[in-house]
Amino acid sequence: MKVVYHWLKEFVDVTATSEELASRLALSGTNIGGVENGPHGAVIDAEVTSNRPDCLSHYGIAREVGAIYKLPLKHISPKPAEGPAKTSDSIQVEIQSPELCGRFTARVIRNVKIQPSPQWLKDRLAASGVASINNVVDVTNYVMLELGHPLHAFDYDKVRDHKIIVRKAKPSEKIRTLDGIERALDGNLAVVSDGDGVRAVGIGGIMGGADTEISFSTKTVLLECAWFEPVAIRRAARSLKLHTEASTRFGRGADPEMAEVASRRAAELILQLAGGELASGVADSYPGKRVPRKIRLTRAEILRIMGADVPDKEVESALSALGFAPVRVDQNRGAEGSLLAAWECTQPSWRAEVEREIDLIEEVARVYGLDKFPPRFPVARQGAARLPHYEAETRLRERLIGLGYHEILTIVHVAEERDALFRNPEVSPARLANPLSEEAGVLRSTGTVTMAAALEWNLNHSQRNARLFEIGTRYSMKGSESLETRVLTIGVTGAAQGKNLVEAGRDFSFADLKGDLDSVGALAGGFQWAEGGPAWLHAAQRGRIALGTEQLGAAGQLSKKVADKLKLRQAVFLAEISLGPVYCAYYGLKNKRRYVPLPRFPAVERDFSLLLADGTHFSDVQKTIQSLNISEIISIEAVDLFRGKNVPAGKYSLLVRVLFQSREATFTDAQTGEFSARIISALEKQLGAQLRAG
């Protein structure tokens, strides 16, 4: 919002320079982009937040200035001269969709002369960044910038039957707007139609139609000033990709009570600049009139929230200047500074976002001056407490950082097309009803979507080596119920080990990823691996991860098909596991942990060189040995694998090392021989393994 300094001074007698004024506005909560001194004088660039539509006008900014400097605001009370003809005989207004349009006013001005605007009007519009068109259209823009309420002027003679009907758009209905573009409408937005309601002559709250626009041949003007429902306007503007000054104001919540005042102000200026005769009265349909809300403010709450007191006069001065009309209602209302002081305030029509006592405290504090409150921590109403699974998550985070990973946080809103690349076909995505953009239409079904995007970004910025992890949430739908699952997502690309004077460099591999995940799994008692995984992983470089009977997720190298689609020029490894079972297992393992003294007797290793059929996995060997329930077995490891010369076709050689240890005595050769014989016998019977000679 560009605020013309000299225009602002018409509503409040401020003597501060434009720079000083901009500084004070910034301290009171209005963000200021800068001050420009151009041919039309000083212009303050106010960056108005979405919850303050009242500041999208010079009058609204003047109200803020008046509150800050304790200056009276000059009230607007236009009184245009009216002729004998009645507006009610000239135009009819009907609102068929009050949920979309809460108010619609109309005035008729006959015998106007459309011509270029005078220089002062052109200058003010130019200073505000608005192009001049003609005197009538310029007046509607001028009043919008002055009072914050959009208006629209129709050529009265082009309006069929001199009747306006505000209704919902019909499916596939089309309208050619003032910018000359034909637009297809949907049934969730309001249109202004004429006559019998068949023809749309404007998109309510956004832009008028070309069929009834003002031209230099126009003789009679129909002046519209309405109020449209903010949420519907925001959705319509986003759907049509049509954002205008009008949609910005209506979409944030314009003041419905200002509609009639702005209409009178515009009529007054049109009579001055274009002549003509104004029909008496106004056609005003107002089904959405709101009852003013009463809000109570107490000194006790000011002290609790702000940690310091504000004098009674300052409270009442700030709230009165902002339009809240405070009235002291406590029993001690004659006592200055009473701790029991309470005020009843009335919510003004232009501040619909102020609904609670805390909102009033914010208004008082920012006008009084936030710098006047001493910095201090608020008193806690309850003691601090750890988040659920804090300890387990902390240990997980420490383990991953120790392995060389960096934690990231990503935005969960993603494009549905990107999400579909990684989504399980059986999962229904959680689509957003009101997405910020087409690239953020769903909540991610898996953390690998955003992890792949993070790796892609790093690679595109010449960062070839990255080890990342994220502890976040994935989302899905089960019927009408939304499901949220806490997950750990890992992403790696580049070197596992950099080249140096002693060692050669080596690229990261699936074995490295599996090793890192096994290290993480040790926190929960160990993961179990099995073949398989989602289609977006490389068929020969992937695996499914389980914890006991719980399936956790999968890990592996990104498939070439998906990598090519994402334009990834080097190998990328991804993994995702559900964290709920991991956390539960962590606490279970922790609770079972007991002190055991170090063994006094030496351990004994036995190596078994086995010939196994292709398709037999080390996990099969491990399970077979564990099934013997030999309590003295401490560990089972795969030491070496060999295929080639002297190994029969269809088989491979696997060297398995088993470690035995007793806490009661040193093993004898007979004992270890017995254990070895039992192991070999079980492997031969269950897996068809053969013990290699030599």
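User: How many residues lie between strand 29 and strand 30 in their hairpin?
Analyst: There are two residues between them, and glycine 548 in the turn has a positive phi of about 65°. Strands here are DSSP runs of E with at least two residues, numbered from the N terminus. This is a predicted model, in which local features need pLDDT of at least 70, side-chain atom pairs count only at pLDDT 80 or more, and totals for chains, interfaces and linings use all residues. Residues are numbered from 1 along each chain as its sequence is written, and side-chain values use heavy atoms, leaving out hydrogens and water.

User: In which sense do strand 29 and strand 30 pair?
Analyst: Strand 29 (residues 537-547) and strand 30 (residues 550-558) are antiparallel, with seven bridges; pairing requires at least two bridges found by DSSP. Glycine 543 has alanine 555 of strand 30 as its bridge partner.

User: And which residue stands opposite glycine 553?
Analyst: That is isoleucine 577 in strand 31. Strand 30 pairs with strand 31 (residues 572-578) over five bridges, also in the antiparallel sense.

User: Changing topic, how many disulfides are there?
Analyst: The count is zero, where a disulfide is a pair of cysteine sulfur atoms within 2.5 Å.

User: Is cysteine 101 buried or exposed?
Analyst: Cysteine 101 is buried, at 0% relative accessibility, whereas cysteine 584 is exposed, at 53%. Buried means under 20% relative accessible area, exposed over 50%, and partly exposed in between, with a 1.4 Å probe and protein chains only.

Notes: Helix = DSSP H or I, 4+ residues; strand = E, 2+ residues; numbered from the N terminus.
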